[in-house]
Amino acid sequence: MKKRIICLMTIATMIGATLTGCGNAEASDFTISKDLVDTQELGYSVPSDTMTESNKYIGENNPISSVTFFADPTSVEYNGRLYVYGTNDSEQYDAGTGTDENTYGSIGSLVCYSTDDMVNWTYECTIEVTDIATWAGCSWAPSIVSREKSNGKTEFFLYFANSSGGIGVLTSDSPTGPWTDPLGEALITNSTAELANDPVYWCFDPGVVIDDDGVGWLVFGGGSAVHDDEDGMYTGNCRLVKLGSDMISLDSEIIKIPAVYHFEANELNYINGTYVLTYCSNYEDRYKWDSYDSDEESPTTCSMVYMTSTDPLDPDSWVYGGEYLSNPSRYGFSFSNNHSHLQKFGDNYYILYQTVMLLDNMGSSASGYRSIGVDVIEVDEDTVTISPATMTREGVEQIKDLDAFSVNQAETAVTTAGITYFTSEDRTFITSISDGDWSAVSSVDFGNGANAFAATVRGKGIIEIRLDSADGTVVGNIQFNTGSDFETIVCTLDKTVSGTHDLYFVFGGSFVFDEWQFAYIENE
């Protein structure tokens with residue numbers, strides 16, 4: 001392949017000039033860096049027989065990540081992006097043998113991904129919860145809410161379970177941190193208020209919502225019945241409390257919600273003046289269901305169900321709504337535990353859930369390492385009813401194209417092969433790159449044309465730019481040897497690329513990859 005080399009002086013001159021376009025192409029400057037370094041002819045190539053297999057199948061949008069095991073989803077919208085958080089199962093996987101069972105005991109962190117198109121997901125960060133809240137031993141099952149402060153800034157409250165022994169909260173002015181521990185201790189344990197005389201089996205799995213009056217509510221609890229007058233149908237382990245105006249204190253008694261067959265995986269939503277509790281049902285026999293006053297069928301084993309109320313502190317106000325998401329095994333996936341979160345984003349409601357889809361794709365003999373998927377769900381806001389949803393490999397449709405002319409993070413992808421993500425100081429990037437590894441971005445809009453490419457990298461290697469498949473048309477490459485410093489390497493493309501394409505970056509060498517951008521540069 002013939003490569004065209006742009007001298008650094010020419011690039012700088014063209015970027016500084018006023019661009020008028022060429023033909024139908026629109027002029028666009030690079031904004032990725034002020035210091036652009038030319039690609040070099042170093043003789044690097046990607047061996048054609050070393051293409052790495054992905055653990056997430058091409059053409060499938062689930063699970064969210066092909067890199068990270070994470071579970072117990074929760075989410076928050078901020079500035080047009082959806083941020084999804086989950087229990088970092090990868091931490092347990094890395095601590096084990098890679099063939100063992102997930103015991104959750106080594107998990108002290110949460111993972112955050114974000115998107116604005118529901119298909120391309122950006123790895124944002126790993127939140128080292130037990131390093132921040134040093135009193136905690138574990139970090140599971142987060143729930144996040146945000147609100148605008150009087151100064152116009154947004155504050156975020158991230159609740160988490162300290163194993164099954166209590167619930168903590170972190171705060172931040174950003175969805176990605178830095179996070180602080182405002183209490184220096186748990187918000188709730190089995191020694192808190194009414195729980196001291198009436199504990200829950202598991203004091204965990206917080207679900208939090210802020211209603212239209214700005215009042216925060218927290219639901220929690222799980223496990224088996226504790227008292228003699230409780231059983232598999234009325235476990236007595238679902239509790240709710242009103243939060244104080246600071247969102248980090250309690251402002252009511254802790255009440256018991258009569259949630260039938262309640263087991264775990266609590267989340268709260270607020271829709272049209274109604275509080276919506278979702279949770280995972282237990283494994284108990286349903287022989288007592290006929291005695292329950294409901295037109296709904298009994299929930300299937302380990303399914304997601306919901307209840308509604310307009311007066312959450314009144315236990316008798318809670319009404320069972322039915323099952324809206326069955327166990328993953330009902331949809332052709334391996335049986336696993338269940339946790340979901342309901343999220344409205346744009347014009348649609350989405351259901352975020354967990355499966356062991358990624359683990360199964362790997363063909364691993366390990367068990368219980370979960371990954372998060374997303375599908376559309378139908379919610380009637382007028383009647384506050386949730387229709388049964390499904391779990392699929394295909395996932396959801398992309399709601400907008402990705403802009404090729406923006407500066408995009410390398411860790412934004414629909415799927416990847418071979419690589420991992422890492423954060424060091426102020427950068428998050430793709431790492432663990434070997435020959436034949438690659439990353440794919442779905443539906444990238446090149447508009448009327450791009451003819452140049454730039455990427456910020458560190459190390460030695462090559463990035464081939466391919467269209468529409470991992471072995472598709474190569475339209476250019478950058479080659480580099482930056483030593484120990486990050487540099488932004490630029491090249492011209494072999495042809496002007498226009499329209500919308502799936503974009504593949506195919507790697508050779510050993511380096512890290514931070515961000516990228518396309519541009520149209522008019523030739524003099």
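Asp 116 is partly exposed, with a relative accessible area of 24%. In this predicted model, the side chain of Asp 116 forms a salt bridge with that of Arg 81, at 3.8 Å from N to O. Asp 116 sits in the loop between strand E4 (110–115) and strand E5 (121–127), and Arg 81 sits in strand E3 (residues 81–87), so the bridge ties together parts 35 residues apart in sequence. Arg 81 is partly exposed too, at 21% relative accessible area.

**Other salt bridges**

The salt bridge count comes to 15. One of them joins the side chains of Lys 256 and Glu 230, 3.1 Å from N to O. This pair links distant parts of the chain, 26 residues apart. Lys 256 belongs to strand E12 (residues 255–256), while Glu 230 is in the loop between strand E10 (216–220) and strand E11 (239–242).

How exposed are the two partners? Lys 256 counts as partly exposed at 30% relative accessibility. Glu 230 has a relative accessible area of 13%, so it is buried, the cut-off being under 20%. Asp 198, Glu 230, Arg 239 and Lys 256 are linked in a network of salt bridges.

Another salt bridge joins Asp 514 and Arg 427, with the closest N and O atoms 2.5 Å apart. Asp 514 lies in strand E32 and Arg 427 in strand E27 (residues 427–431), so the pair ties together parts 87 residues apart in sequence. Asp 514 is buried, at 5% relative accessible area. Arg 427 counts as partly exposed, at 26%.

E32 covers residues 500–519. How many of its 20 residues are buried? The number is 16, so the strand is mostly covered.

| Strand | Bridges to E32 | Sense | A facing pair |
|---|---|---|---|
| E23 (residues 408–409) | 2 bridges | antiparallel | Asn 408 and Trp 516 |
| E28 (residues 438–445) | 6 bridges | antiparallel | Ser 439 and Phe 505 |
| E29 (residues 450–467) | 16 bridges | antiparallel | Arg 458 and Val 512 |

Take the rows in turn. E23 is joined to E32 by 2 bridges, and Asn 408 stands opposite Trp 516. E28 pairs with E32 over 6 bridges. There, Ser 439 has Phe 505 as its bridge partner.

**Backbone geometry**

Most residues other than glycine have a negative phi, and most peptide bonds are trans. Some sites here depart from that pattern.

Which bonds are cis? The peptide bond from Asn 62 to Pro 63 is cis, with omega near 0 degrees. Pro 63 is placed in the loop between strand E1 (36–38) and strand E2 (71–78). A cis peptide bond also joins Gly 177 and Pro 178, with omega about 10 degrees. Pro 178 is in the loop between strand E8 (167–172) and strand E9 (207–210).

Positive phi values come next. Asp 72 has a phi near 55 degrees, a positive value in a residue other than glycine. Its place is in strand E2. Is Asp 72 buried or exposed? Asp 72 is buried, with a relative accessible area of 8%.

Tyr 261 also has a positive phi, near 55 degrees. Tyr 261 lies in the loop between E12 and strand E13 (262–271). Tyr 261 is buried as well, at 1% relative accessible area.

**A charged surface patch**

Where does negative charge gather? Asp 293, Asp 295, Glu 296 and Glu 297 form a patch of negative charge on the surface. Asp 295 is in the loop between strand E14 (274–281) and strand E15 (304–309). Its relative accessible area is 84%, so Asp 295 counts as exposed, the cut-off being over 50%.

Note on methods: Residues numbered from 1 in each chain as written. Predicted model: local features only at pLDDT ≥ 70, side-chain atom pairs only at ≥ 80, totals over all residues. Heavy atoms only, no water. Patch = residues over 30% accessible without salt bridge, like charges linked within 9 Å, V, L, I, M, F, W, Y side chains within 5 Å. Areas by Shrake-Rupley, 256 points an atom, 1.4 Å probe, with all protein chains shown as cover. Salt bridge = Lys/Arg side-chain N within 4 Å of Asp/Glu carboxyl O. Lys, Arg positive; Asp, Glu negative; His and termini not counted. Charge placed at Lys NZ, Arg CZ, Asp CG, Glu CD. Helix = DSSP H or I, 4+ residues; strand = E, 2+ residues; numbered from the N terminus. Buried < 20%, exposed > 50% of the residue type's maximum accessible area, 1.4 Å probe, protein only. Pairing = 2+ DSSP bridges.
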